[in-house]
Amino acid sequence: MADKMLKFVKVGLQMPNKREANLRVDDFKEIYDQYINEKAKEQSSRCSQCGVPFCQIHCPLHNNIPDWLKLTAEGRLQEAYELAQSTNNMPEVCGRICPQDRLCEGNCVIEKSGHGTVTIGSVEKYITDTAWEKEWIKPIKVLKEINMSVGIIGAGPAGLACSEELRKLGYKITIYDRYDRPGGLLIYGIPNFKLEKFVVERRTNLLKQSGIQFQQNIEVGKDISLDELKQKHDALLISTGVYKPRDVNLPGHELKNIFPAMKFLTASNRKGLGDKVEEFENGLLNAKNKNIVVIGGGDTAMDCVRTAVRQNAKSVKCLYRRDKENMPGSAREVYNAEEEGVNFIWLSNPKEFIGEKKISSILVEKIKLGNLDPQGRKKPEPIPNSKFELKTDMVIKALGFDPENLPKLFKNENLLVTQWGTIKINYKTMETSIPGIFSAGDIVRGASLVVWAIKDGRDAALAINKYLELKQKKNTKAA
Ligand SMILES: Cc1cc2nc3c(=O)[nH]c(=O)nc-3n(C[C@H](O)[C@H](O)[C@H](O)COP(=O)(O)OP(=O)(O)OC[C@H]3O[C@@H](n4cnc5c(N)ncnc54)[C@H](O)[C@@H]3O)c2cc1C
Ligand code: SF4
C-alpha cells in the first residue's frame, strides 16, 4: 500500500488540469483512507487480549479498550465506535490529546514487554472520526422530556460531558459561559496542531442540535449572580476550570513583551479560528522572527514552545528549573518539541528580567537537584556564582494555573473552598457546601486533564440525576 501511495504522490507531481486535480485529490483520499484503515486494523490486531487490561484500568474512563480493539481488527467499526462512545463523550478528542504515555498506552502489556505499545489513542481517534464521516453520530433523541432544568456554569469538557449525560435522561439544560465560544480550554487553550478546532465545534454543534441551550458571553458573578441562577434551575453545576496564572514576581516583571501563556495561546487560537486579533496582527503576540523564551516545564509550556516554532520564531528556548527526567509534562510532548528544534535549558531559574521598557534578556541562575521535598520530588537548589544572561525579544510565562477566588467572584461565601482555592465537594455526591449546587473538572481537582474532566462531568450527571429524582419524589409526596 505504501508503494501505491508513493507512486500516486509521484504522479501527482505532474501539472494536472483542474478536473484531473480534483480526481486525484479524491483518489488520494481513497487510498489514504484505505491505508489508515489498514494501519488501524494492524495496530488493533497487535492487542494480545492479555486478560489483565492494565490499559483499561489506567484509562480514567475505564474505556473497554481490548474489546473495541478486537472489533476494529475484525473490521466491525460501527460496533467498535458504539462501545468506545458508551464510556466517553469525546473519544476523538481524547484519542488526539490524552497523554497516552502516562495512561492507557504506558500500561499496555506489549509496551511493558518491550515491543512497543498498541497505539490505542490513534485507534480511538480513527474509529470516532470514521463514525462522524459515516454519519453514525446523531443528535440525542430524548425519549421522555423531564420538566426540570439544570444550569451548567462553564462549557469546558466537564460541563459539556455532564450536559450530554443529563440531556440523554431528558432534563432541560442551559450552559452559561463567559467566552464567546463553547469548549473551554479545548477551544482557547490547546493549540490547533494538537486538537483541530472543527473537532470541538462539531461536538458542541451536536449538543446544540440535541436541545441543549448555550448562553455565551455570560460571566457568572458579573452578568448574573449564582443566587439568581439557583432560582432559575432545579440544580446547578460549577465547572469553571482554573484560570489564574501562577507568576514569578522578579525584578523587571513590568517590562514590555512578557506575557502569560494563555494570552499568547488564546491569540494564536483566535487567529486560527479566523478572528481578527489586533495584538497578533500588530506583532505584539506573534513570535515571528523573535527570540522566544518560555518559562516552565508542563504541557502548557510545551504548547507555547511548539506554537512559537509554528509562528516562525527565530529561536525558541525553554527554561526549566528541574531536569528532563523530572519534568511534569508528557515525555512525548518534550520529544516532539525537541524534534521541532526547541532548545531546552534544563536546571535553570530566571532571576531578573532585563531591558529598557522592553525585555531584552533574562538573568538566569543554574540549579542542582537536592534532597526530596514533602511531595517526594528533588528540591531545586541554586548553584552559587552560576548566573548568565540569555538574550530574548519575548518571554512567555507558563508556570501553571490556580483557581480564581470563586466565593468572592460569585459573591457567595457559603461556597466553601479548599486551602488551594479549589471547590470543596462531597466526593460521594459531587455536591458543594450549597445544597443543589454540584461541581466538577479542574475547579475541583486543580489543573488536570481533559479525560479527567469528562469523567468528573459524567459522575456529576449521575449525582445530579439522583438528587433531582429524590427532589421530584419529595415534591410529588408533598403535593
Ligand atoms: C494550554 C493548555 C494545554 C492543555 N493541553 C492538554 C492536553 O493536551 N491534554 C489534556 O488532557 N489536557 C490538556 N490541558 C488541560 C485541560 O484542557 C483541562 O484539564 C480541561 O479543559 C479542564 O476542563 P474543565 O471543563 O474543568 O475546564 P475548562 O476547559 O477550563 O472550561 C471552563 C469553562 O468555564 C468558563 N468559565 C470560567 N469562569 C466562568 C464564569 N464565572 N462564568 C461563566 N463561565 C465561566 C470558561 O470560559 C471555560 O469555557 C491543557 C490545558 C492548557 C491550559
Ligand atoms: S480516553 Fe485517553 S486514556 Fe482512555 S483509552 Fe482513550 S486515549 Fe487512552
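I counted rings of Phe, Tyr and Trp (its six-membered ring) as a pair if their centres lie within 6.5 Å, with planes under 30 degrees apart taken as stacked, over 60 as edge-to-face and the rest as tilted.

The model is predicted, so local features need pLDDT of at least 70 and side-chain atom pairs count only at pLDDT 80 or more, while totals for chains, interfaces and linings use all residues. Residues are numbered from 1 along each chain as its sequence is written, chains are lettered from A and ligands numbered from 1 in the order in which they are written, and side-chain values use heavy atoms, with hydrogens and water left out.

My search of the whole structure returned four aromatic pairs. Phe344 and Trp346 form a stacked pair, because their ring centres are 4.8 Å apart and their planes lie at 10°. I noted Phe344 as buried, at a relative accessible area of 10% (buried is under 20%, exposed over 50%, partly exposed in between; 1.4 Å probe, protein chains only).

I then examined Phe438 and Tyr467, whose ring centres are 5.4 Å apart with planes at 70°, so this pair is edge-to-face. Phe438 is buried at 1%, whereas Tyr467 is partly exposed at 23%.

Lastly, I checked for charges over rings (NZ of Lys or CZ of Arg within 6 Å of the ring centre and within 35 degrees of the ring normal). The charged end of Arg310 sits over the ring of Phe193, 3.8 Å from its centre; that of Lys208 sits over the ring of Phe214, at 5.5 Å.
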